[in-house]
Amino acid sequence: MKTLQLSRHLAAVALLTLIATSAEAQAWPSKTVRIVVGFSAGGPTDVVARAFAEHASRALGQPVIVENKPGANTILAAEAVASAPADGYTLLMAATNHTMIPALYSARVKFDAVRSFAPICTLAVSPTVLVTGPAMNAKTLNAFMQQVREAPGQRSYGTPGSGSSGHFASEQFLRMTNLSMNHIPYKGATQVVTDVMGGQLDSSFATLGSVLPQVQAGKLTAIAVASPRRSTLLPNVPTFAEAGVKGYSADAWYGLLAPAGTPVAVLQSLQKIGRQYAEQTTTVAKLQSMGMEPQSTCGEAFGTEMDRDAKAYTKLANELNLKAE
């Protein structure tokens, strides 16, 4: 008898919890929603976050604000969101480097870069493009690879730093093609672009947004784009697959995450808004002006992509003995 009463009590508690959770999700949002960005204002992640926040404010009928929390290669922002209540009021605008955290800072972080978050949607993508300058007379990927092959370890590529997305993208390519180059790490992307244009560096695997003006002006040569298809911004530049290196992809994504455990109904509402945002003509124009394209990979598909990337970066970091502890 007592067992039956206990079972009924537990069932009643579970039902009340389900009803409360459902009611909470239906009432969302009843106050300001905050999107945390791990970079300073003005960068691509921040710009995507603010454009989405403006769209989401109109769609939700509640203020959606952006809070910049730079520091420790976005770890501070990610930690703040991972530890926030899972109620849909604190979100993270993350970028590709989020999935590099396990590879570089495994002993330092207090969260799991994949499992501590509920994936909502990617909102934009910026392909990696291989560019050369006057120091390297290569107009095609075959010519580039031939010159690298003839001088193993001597041709240089610049990145915004060891462990950066550019560094990982470059090393992935070199491993796939069995080539060897000299890595020159910088403290940011701007000087890399300047030195490739000036001939101090041979090449760079750069995000399209960071080199698009220079490519369009003829100051840099775009060799190939590391995307499944050609960029509408550089329609005459082949993909790596078209140029002969199949399976190489290095898109930089910008996407929205929530704390793990956020109600499914809230996540679904945000996914719907994310898809609507990516389809707007104003969004397309805004992103393309920065060398990005709209993209909405949502929910489980986004989570699978994050998990795959995190494992790949960890494997590569171990091979390179890369740690940023």
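Axes are lines fitted to C-alpha atoms, for helices over the stretch in contact, with angles from 0 to 180 degrees between N-to-C directions. Helices (H or I, at least four residues) and strands (E, at least two) are DSSP runs, numbered from the N terminus.

I am working on a predicted model, where local features need pLDDT of at least 70 and side-chain atom pairs count only at pLDDT 80 or more, while totals for chains, interfaces and linings use all residues. Residues are numbered from 1 along each chain as its sequence is written, and side-chain values use heavy atoms, with hydrogens and water left out.

I started with helix 6 (residues 165-177) and helix 11 (299-320). Their axes come within 11 Å and cross at roughly 80°, so I logged helix 6 and helix 11 as roughly perpendicular. On the helix 6 side the contact (heavy atoms within 4.5 Å) uses His167, Phe168, Glu171, Gln172 and Arg175, and on the helix 11 side Tyr313, Leu316, Ala317, Glu319 and Leu320. I sorted these by class (Ala, Val, Leu, Ile, Met, Phe, Trp, Tyr, Cys and Pro nonpolar; Asp, Glu, Lys and Arg charged; the others, Gly among them, polar) and got five nonpolar, two polar and three charged.

Next I took helix 9 (residues 264-279) and helix 10 (residues 281-288), whose axes come within 5 Å and cross at roughly 70°. That makes this pair roughly perpendicular. Tyr277, Ala278 and Glu279 of helix 9 meet Thr281, Thr283, Val284 and Leu287 of helix 10.

**Strand 5**

For pairing I need at least two DSSP bridges between two strands. Strand 5 runs antiparallel to strand 8 (residues 203-207), with five bridges, and Thr128 partners Thr207 there. Strand 9 (residues 221-225) also pairs antiparallel with strand 5, over four bridges; here Val131 partners Ala222.

**Disulfide**

With a cut-off of 2.5 Å between cysteine sulfur atoms, I count one disulfide. Cys121 is joined to Cys298, S to S 1.9 Å. The S-S torsion is about 105°, so I noted the disulfide as right-handed. Cys121 sits in strand 4 (residues 117-126) and Cys298 in the loop between strand 11 (293-294) and helix 11, 177 residues apart. Both cysteines are buried.

How values were computed: Angles under 35 degrees count as roughly parallel, over 145 as roughly antiparallel, 65 to 115 as roughly perpendicular and the rest as oblique. Buried means under 20% relative accessible area, exposed over 50%, partly exposed in between (1.4 Å probe, protein chains only).
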